[in-house]
Amino acid sequence: PASSSAGPSSTAQSQALFARAQAVTPGGVNSPVRAFKSVGGVPRFIASAHGAYLTDADGTRYIDYIGSWGPMILGHDHPAVREAIGTALNGGTSFGAPSAREVELAELVTRLTGTDKVRFTSSGTEATMSALRLARGFTGRKFIVKFRGNYHGHADGLLVEAGSGLMTNADGPLGAAAPSSAGVPQEYAGLTLVTEYNDPAALDALIAARGHEIAAVIFEPVVGNAGVLIPTPNFLAALHRVKASGALLIADEVMTGFRLSLNGATGLLGLEPDLSCWGKIIGGGLPVGAYGGRAEIMEFVSPQGPVYQAGTLSGNPLAMAAGLATLSALEADPDIYARLDVYTARLAAGLKDAAAAAGVAISVNHIGSMLTAFHQDAPHGSVSTYTQAAGSDTAGFAAWFQGMLARGIYWAPSQFESIFVSAAHTDTELAATLDAAHAAYAAGQA
Ligand code: PLP
């Protein structure tokens with residue numbers, strides 16, 4: 001089990017690997033938030049993962065609340081997923097030609113999500129980027145709308161006020177867009193209009209002013225990338241009103257797809273998007289993304305239609321096998337989402353108690369198996385915009401994160417992320433997590 005006290009586990013191997021990595025890779029990591037920049041300390045280099053646990057290069061075990069940033073809803077190294085990958089492996093690793101598993105996964109995804117057609121990519125970034133190209137090709141319009149603090153991967157036009165590792169304090173007039181990354185020309189960013197999440201009046205105003213030029217409104221149906229933000233019913237209604245302008249509604253379900261229900265946030269919240277994007281769980285821990293929607297729109301994608309999109313490894317047999325095994329296991333377990341809800345609700349309640357006992361102000365948002373405890377003094381459930389989330393005490397969060405890590409709990413290393421509970425998390429892990437949380441909040445006050 002994870003250590004329950006804040007004993008000094010060695011990080012010598014992680015430190016040595018991090019030093020080597022920094023010599024040959026920018027910042028020593030292949031995706032920025034892994035570097036622990038916003039929480040400090042040594043990023044743990046992971047040697048293996050099983051069930052709800054990660055083991056680092058120094059042999060320290062952690063209860064994992066990242067789940068590879070979402071994919072591992074069944075827990076790590078799930079037997080059915082491992083077996084499916086093994087079977088696929090025996091047949092070769094990549095064909096560059098169509099194969100049966102792609103058809104099976106497409107049939108399963110369209111059935112579970114009620115979409116007509118899907119196209120597989122190798123990442124969520126490619127899925128959203130391709131869905132936007134498709135929306136532009138379909139509508140013949142060039143502007144897109146996104147929401148402040150929503151993250152849709154790192155395509156140029158989407159790195160605009162993009163949340164997560166990119167959270168800044170940039171603010172501007174209605175629709176004006178500031179790139180969140182160097183290297184994104186203002187001309188690209190200028191095609192992306194930005195407005196506030198959960199502000200139906202602002203969205204209505206933007207659509208009234210510019211709706212005729214807008215190809216698509218892309219949104220996280222439940223935000224994970226500014227920390228968890230839950231859409232209000234009025235905001236969902238405003239999103240649906242967008243359709244009257246002829247702009248397509250693109251639900252980015254890369255994080256929420258197959259996590260909040262078998263039909264993602266769309267199923268849970270009664271959304272009716274024109275296009276949806278998936279990633280993470282759809283590949284069961286291997287690189288897969290997808291986008292899909294109504295046939296009349298999807299038929300614009302090449303080779304059927306004029307919108308080009310391709311991929312050397314798209315539909316990769318190992319990745320399809322992992323996705324098929326994961327989605328099949330989710331579908332075969334009718335109680336799984338209820339169990340994830342119960343665990344997460346108990347985790348939320350326990351965190352609230354632990355923080356209150358230590359006199360630390362937190363504001364917890366949770367839905368399904370996603371949760372963020374914002375370090376700020378606001379009623380639980382009341383943080384609903386990027387601006388509110390950004391008001392959190394990031395130093396307080398960082399100290400608490402380190403306290404948790406020292407006690408064997410691997411929380412997301414940023415205040416502005418969701419954590420992910422998996423089906424492998426049991427009462428044992430819950431109790432250990434809450435023990436650690438009590439101590440970590442108390443230590444923060446000492
Ligand atoms: N969209 C959302 C909502 C995401 O959370 C992410 C990644 O975290 C992406 C898109 C990009 O997916 P990927 O990292 O697979 O490119």
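Residues are numbered from 1 along each chain as its sequence is written. Because the model is predicted, local features need pLDDT of at least 70 and side-chain atom pairs count only at pLDDT 80 or more, while totals for chains, interfaces and linings use all residues.

Begin by colouring the protein by pLDDT, the predictor's confidence in each residue, from 0 to 100. The mean is 94, and 94% of the residues reach 70 or more. Over residues 1-6, however, the pLDDT is below 50, and residues 167-174 likewise stay under 50.

Next, select A135, A216, V217 and I250, which touch the most other members of the largest nonpolar core, a set of 132 residues. Such a core consists of buried Ala, Val, Leu, Ile, Met, Phe, Trp, Tyr and Cys residues joined through C-beta atoms within 7 Å, where buried means that 20 or more other C-beta atoms lie within 10 Å of the residue's own. Helix α10 (residues 317-332) supplies the largest share of this core, nine residues. Now centre on A135, which touches A215, A216, L248, I250 and L275, leaving aside residues up to four places away in sequence.

Finally, display the ligand, which 16 residues surround, the closest being S123, G124, T125, G153 and V254; a residue counts as near if its C-beta atom, placed from the backbone, lies within 6 Å. Helix α4 (residues 124-139) gives the most to this shell, with three residues, and the shell divides into four nonpolar, 10 polar and two charged residues.

How values were computed. Buried ≥ 20, exposed ≤ 12 C-beta atoms within 10 Å, placed from the backbone. Helix = DSSP H or I, 4+ residues; strand = E, 2+ residues; numbered from the N terminus. Contact = placed C-beta atoms within 7 Å. Nonpolar A, V, L, I, M, F, W, Y, C, P; charged D, E, K, R; others polar.
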